[in-house]
Amino acid sequence: MNRSERGEGAYERRWWDKLSVIGVLALAAGVVVRLITRGLDSWPSAVIGAALMSVWIVFLVRRRRRNDARDTGADAEDVPAMERRILKGGQPPRDPERRREMAALVDSRQHRLRRNRWWALPLLAVIFFGTSVLAFVSGSVTAGSLTLALAVAFVGWLTWYNFRFDRRLTQMRHRLRT
């Protein structure tokens with residue numbers, strides 16, 4: 001459907017939002033990683049394993065978009081563009097129907113983001129830092145140091161990204177109300 005058929009308030013769809021592109025990129029990344037870790041001789045199993053992984057990723061992305069579309073009343077193909085607008089801090093749409101859809105997406109995302117934060121972030125910290133402690137206890141200072149550095153970097157990034165995304169959702173909610 002082209003832009004003139006979709007109306008003035010249409011979201012801009014990008015080529016990388018297509019499920020086929022996501023599947024091909026997941027396939028390529030999976031094959032490369034498997035070939036690097038297992039060697040070039042294992043290319044048949046790398047292709048088969050990466051193909052199964054890419055099908056699974058496309059299924060999960062499609063299911064999430066379908067659920068978001070059901071929750072918001074929007075078209076499933078519009079969900080990635082709405083997310084982009086929220087993350088970039090863009091202006092809310094002028095069309096009242098599009099504003100309602102975006103408000104529903106913001107509420108849905110914020111509920112999902114906050115629902116399990118109280119236990120998920122501490123559990124991830126315990127897992128990552130616990131791995132580091134176990135490495136130190138077993139006498140491997142190198143492995144303990146590397147896992148500690150990874151734990152600090154990953155848990156720090158995850159916490160920062162979670163609160164940043166929550167802040168962006170809150171900002172968009174305020175923009176939608178005005």
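Trainee: Which residues in α7 are buried?
Mentor: Gly144, Ala151, Val155, Asn162, Phe165, Asp166, Arg168, Leu169, Met172, Arg173 and Leu176 are. Buried means under 20% relative accessible area, exposed is over 50%, and partly exposed is in between, using a 1.4 Å probe and protein chains only. Keep in mind that this is a predicted model, where local features need pLDDT of at least 70 and side-chain atom pairs count only at pLDDT 80 or more, while totals for chains, interfaces and linings use all residues. Residues are numbered from 1 along each chain as its sequence is written, and side-chain values use heavy atoms, with hydrogens and water left out.

Trainee: OK, and what do the buried residues of α7 pack against?
Mentor: They pack against α4 (79-87), α5 (96-115) and α6 (117-137). Contact here means heavy atoms within 4.5 Å. The helix labels come from DSSP runs numbered from the N terminus: H or I for at least four residues makes a helix, and E for at least two makes a strand.

Trainee: How far does α7 reach from its first C-alpha to its last?
Mentor: Helix α7 covers residues 141-177, which is 37 residues, and reaches 54 Å, close to the 54 Å expected. The expected span is 1.5 Å times one less than the number of residues.

Trainee: Switching topic: how many aromatic pairs are there?
Mentor: The count comes to 6. Rings of Phe, Tyr and Trp (its six-membered ring) pair if their centres lie within 6.5 Å; planes under 30 degrees apart are stacked, over 60 edge-to-face, and the rest tilted. Take tryptophan 157 and tyrosine 161: their ring centres are 5.6 Å apart and their planes sit at 20 degrees, so this pair is stacked.

Trainee: Where do tryptophan 157 and tyrosine 161 sit, and what separates them?
Mentor: Both are in helix α7, 4 residues apart, so about one helical turn separates them. An α-helix has 3.6 residues a turn, so residues three or four places apart point the same way.

Trainee: Is tryptophan 157 buried or partly exposed?
Mentor: Tryptophan 157 is partly exposed, with a relative accessible area of 43%. Tyrosine 161 is partly exposed too, at 31%. Both belong to one aromatic cluster, along with Phe128, Phe154, Trp160 and Phe165.

Trainee: Phe165 was on your buried list as well. Which residues make up the largest nonpolar core?
Mentor: That core has 11 residues: Ala74, Met82, Ile86, Met102, Leu105, Val106, Leu113, Phe165, Leu169, Met172 and Leu176. Helices α4, α5 and α7 each supply at least two residues of this core. A nonpolar core is a set of buried Ala, Val, Leu, Ile, Met, Phe, Trp, Tyr and Cys residues joined through side-chain atoms within 4.5 Å. In soluble globular proteins, nonpolar side chains tend to be buried together.

Trainee: What about glutamine 110, is it buried or exposed?
Mentor: Glutamine 110 counts as buried, at 3% relative accessibility. It lies in helix α5. Leaving aside neighbours within four places in sequence, glutamine 110 is in contact with Asp166, Leu169, Thr170 and Arg173.

Trainee: And threonine 72, which helix is that in?
Mentor: Threonine 72 is in helix α3, and at 1% relative accessibility it counts as buried. Its side chain reaches the backbone nitrogen of alanine 74 at 3.2 Å. Beyond neighbours within four places in sequence, threonine 72 is in contact with Arg100, Glu101, Ala104 and Leu105.

Trainee: Leu105 is in that core list too. What does glutamate 83 contact, skipping neighbours within four places in sequence?
Mentor: Glutamate 83 is in contact with Arg64, Asp68, Leu105 and Arg109. Glutamate 83 has its place in helix α4 and counts as partly exposed, at 23% relative accessibility.

Trainee: Let's jump to α2. Which of its residues are buried?
Mentor: In α2, Val21, Ile22, Gly23, Ala26, Gly30 and Val31 are, and the buried residues of α2 pack against α3 (43-72). Just after α2, glycine 39 takes a positive phi of about 95 degrees.

Trainee: Last one: what pLDDT does the chain average?
Mentor: The average is 89, and 94% of the residues score at least 70. Over residues 1-8 the pLDDT is below 50, and this stretch has 7 contacts in the model beyond near neighbours in sequence. pLDDT is the predictor's confidence in each residue, from 0 to 100.

Conventions: Polar contact = N/O pair within 3.5 Å; in protein donor to acceptor, adjacent residues only side chain to side chain.
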